[in-house]
Amino acid sequence: MNISFEWGLSGFDYYQDRSDLLIIVDTLCFSTSVTVALSRGALVLPFALNQRDRAEQEAKTRGAILARKRSERTYSLSPHSLLELPEGAKLVLPSPNGSHIAARANETSTILLGCLRNARAVSNYVREHYQGKAVTLIAAGERWPDGSLRPALEDLLGCGAILSRLEGDFSSEATLASHAFRSARINLSTLISTSISGRELIEHDFQEDVRISLELNESEHIPILKEGWFKTAVPTA
């Protein structure tokens, strides 16, 4: 297995046609939110945040729920808000990072979502189905006010949690991400809670989202992109 690690939309675009599998990691909070939604039997349609008008029309056409702004305290990018999502719902979920990247996938790409909550399940799935293949983990990152990429600690560690359970020919970047998680695991909660992303959420009273996102290996749901929707891949034993 050839394993690479890269950042953001540009990294995704570079590796999309060079990989048999891409795993997008947006720990706070797109990837985590999708695992929660799938636990409710939902389907999730990714959309870029700057295409909200189109996303609203798509939700109407497909009879889906359109996720609102997190501040509206209804179904949104907040994982906590999705704990009571109607069973079997269809959810259109825009976001500026993970969802934006996933929406760029071409029809031939195989895309999974990873995070701390499903790191073990994802790594098991990769080991079972992608031996001898090229696998790339994409840390979604955040954005600075000017729109440029802001590397995010939580996504580095989310990728590292998956990478730490894989074996193969690692790129130097993938090796470093794996080592970062191994070093940080004993202090994972504090590091992410006090990171810039964690502080932003907690200061806006979304500490429950941080808590849910830190539930390491809590979920067996593996989001896989099929016909434009994230669905649950069949987990391995």
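Asn217 is buried, with a relative accessible area of 15%, where buried means under 20% relative accessible area, exposed means over 50% and partly exposed lies in between, using a 1.4 Å probe and protein chains only. The structure is a predicted model, in which local features need pLDDT of at least 70 and side-chain atom pairs count only at pLDDT 80 or more, while totals for chains, interfaces and linings use all residues. Residues are numbered from 1 along each chain as its sequence is written, and side-chain values use heavy atoms, with hydrogens and water left out.

Although Asn217 is not a glycine, its phi is positive, at about 60°, and the residue sits in the loop between helix 10 (207–213) and strand 11 (223–226); helices (H or I, at least four residues) and strands (E, at least two) are DSSP runs, numbered from the N terminus. Glu227, also not a glycine, has a positive phi of about 55° and lies in the loop between strand 11 and strand 12 (229–232). In contrast to the buried Asn217, Glu227 is exposed, with a relative accessible area of 76%. Most residues other than glycine have a negative phi, and most peptide bonds are trans.

## A cis peptide bond and the cysteines

The peptide bond from Leu28 to Cys29 is cis, with omega near 15°, and Cys29 is placed in the loop between strand 2 and helix 2 (30–39).

With a disulfide taken as a pair of cysteine sulfur atoms within 2.5 Å, the model has zero disulfides. Cys115 takes part in none, since the nearest cysteine sulfur, that of Cys29, is 9.8 Å away, and Cys115 is buried at 0% relative accessibility. The sulfur of Cys159 is 11 Å from the closest cysteine sulfur, in Cys115, which is too far for a bond; Cys159 is likewise buried, with a relative accessible area of 0%.

## Nonpolar cores

A nonpolar core is a set of buried Ala, Val, Leu, Ile, Met, Phe, Trp, Tyr and Cys residues joined through side-chain atoms within 4.5 Å. The largest has 39 residues, and those with the most contacts inside it include Phe5, Ile23, Val126 and Ile162. Among the elements that give this core two or more residues are strand 1 (2–7), helix 5 (119–129), strand 7 (134–139) and helix 6 (153–163). A second, separate core of 29 residues includes Leu22, Phe30, Ile101 and Ala102.

For Val126, leaving aside neighbours within four places in sequence, the residues in contact are Met1, Leu21, Ile23, Gln131, Val135 and Leu166, where contact means heavy atoms within 4.5 Å.
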